[in-house]
Amino acid sequence: ALQQRNGAQLQVLMLPGTAPEPIDDYAQRVFDTWKLGRRDLDNGLLIVVARDDRRVRIHTGSGLESVVDDATATRLIQEYMVPKFRRGDYAGGLDDATLVLSSLLNGGALPPPV
C-alpha cells in the first residue's frame, strides 16, 4: 500500500546475525542487491534485525534521508522496537516501527516521544 501511495519501498529482513560483517555494511549490501526504491528517487528503506547479535539498523536511500534521518531512525529503534524486542515480541516491535515509518513516508509527523 505504501509503495502504491507514494512509490517508496519499505522492506524488513530478520536474520540470526550478520557476522563477520557489521550490520551497517550488511544492510548497505542487501539494500543494493535488492535494489530498493526507484532508481531515479532512491526512495527505499530497509530494516535489518540481527536477532542473535542484538543489533538493528534502519537503512534509508538518499531520497528518504530528509524524512528518516539517522536521529529519527535511532529514536524509532529505541522507542518502538527495543522495548518489545527485549520481551521477545519481534513482530510487535516491527509492526509499531513500520506503522510510524509508513506515516512519516506519507507526510505525517513524528509522534511525540514515548
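The buried residues of helix H3 pack against strands E2 and E3 and helix H4 (90-105). That's a handy place to start with this predicted model.

**Helix H3**

- H3 covers residues 70-86 and has a kink of about 35°, centred on glutamine 78.
- The buried residues in H3 are Thr72, Ala73, Leu76, Ile77, Tyr80, Met81, Val82 and Phe85.
- Take threonine 72, which lies in H3: with 12% relative accessibility, under the 20% cut-off, threonine 72 counts as buried.
- Setting aside neighbours within four places in sequence, threonine 72 is in contact with Val67, Leu104 and Leu110.
- Glutamate 79 also lies in H3, but glutamate 79 is partly exposed, with a relative accessible area of 22%.
- If you skip residues up to four places away in sequence, glutamate 79 touches Pro112, Pro113 and Val114.
- Valine 49 is 30 residues from glutamate 79 along the chain, and the C-alpha atoms of the two are separated by 15 Å.
- Just after H3 you'll find glycine 88, with a positive phi of about 85°.

**Helix H2**

- H2 runs over residues 23-34, twelve residues in all, and spans 16 Å from its first C-alpha to its last, close to the 16 Å expected at 1.5 Å a residue.
- Its buried residues are Ile23, Tyr26, Ala27, Val30 and Phe31.
- Looking down the axis of H2, these buried residues fall within an arc of 135°, so they line one face of the helix.
- The background is simple: an α-helix has 3.6 residues a turn, so residues three or four places apart point the same way.
- Just after H2, lysine 35 takes a positive phi of about 55°.

- Strand E2 (residues 44-50) pairs with E3 in the antiparallel sense, over six bridges.
- Across that pairing, leucine 46 stands opposite histidine 59 in E3.
- The hairpin has four residues between the strands, and arginine 54 there takes a positive phi near 60°.
- Is arginine 54 buried or exposed? At 69% relative accessibility, arginine 54 counts as exposed.
- On the E3 side, threonine 60 lies in the strand, which covers residues 55-60.
- Threonine 60 is buried, with a relative accessible area of 12%.
- Which residues does threonine 60 touch, not counting those up to four places away in sequence? They are Phe31, Gly44, Leu45, Glu65 and Val68.
- Phe31 in that list is one of the buried residues of H2.

**The aromatic pair**

- Phenylalanine 85 and tyrosine 90 have ring centres 4.8 Å apart and planes at 40°, so the pair is tilted.
- For the label, planes under 30 degrees apart would count as stacked and over 60 as edge-to-face, with the rest tilted.
- Phenylalanine 85 is buried, with a relative accessible area of 11%.
- Tyrosine 90, at 22% relative accessibility, counts as partly exposed.
- Phenylalanine 85 is also listed among the buried residues of H3.

- A cis peptide bond joins alanine 19 and proline 20, with omega of about 5°.
- Proline 20 sits in the loop between E1 and H2.
- Aspartate 42 is not a glycine, yet has a positive phi of about 50°.
- Where is aspartate 42 found? It is in the loop between H2 and E2.
- Aspartate 42 is partly exposed, with a relative accessible area of 24%.
- Arginine 54 is another residue other than glycine with a positive phi, near 60°, and its place is in the loop between E2 and E3.

How values were computed:
Residues are numbered from 1 along each chain as its sequence is written. This is a predicted model: local features need pLDDT of at least 70, side-chain atom pairs count only at pLDDT 80 or more; totals for chains, interfaces and linings use all residues. Side-chain values use heavy atoms; hydrogens and water are left out. Helices (H or I, at least four residues) and strands (E, at least two) are DSSP runs, numbered from the N terminus. Buried means under 20% relative accessible area, exposed over 50%, partly exposed in between (1.4 Å probe, protein chains only). Contact means heavy atoms within 4.5 Å. Two strands pair if DSSP finds at least two bridges between them. Rings of Phe, Tyr and Trp (its six-membered ring) pair if their centres lie within 6.5 Å; planes under 30 degrees apart count as stacked, over 60 as edge-to-face and the rest as tilted. The expected span of a helix is 1.5 Å times one less than its number of residues. The arc is that of the directions from the helix axis to the C-beta atoms. The bend at a residue is the angle between axes fitted to the seven residues ending there and the seven starting there.
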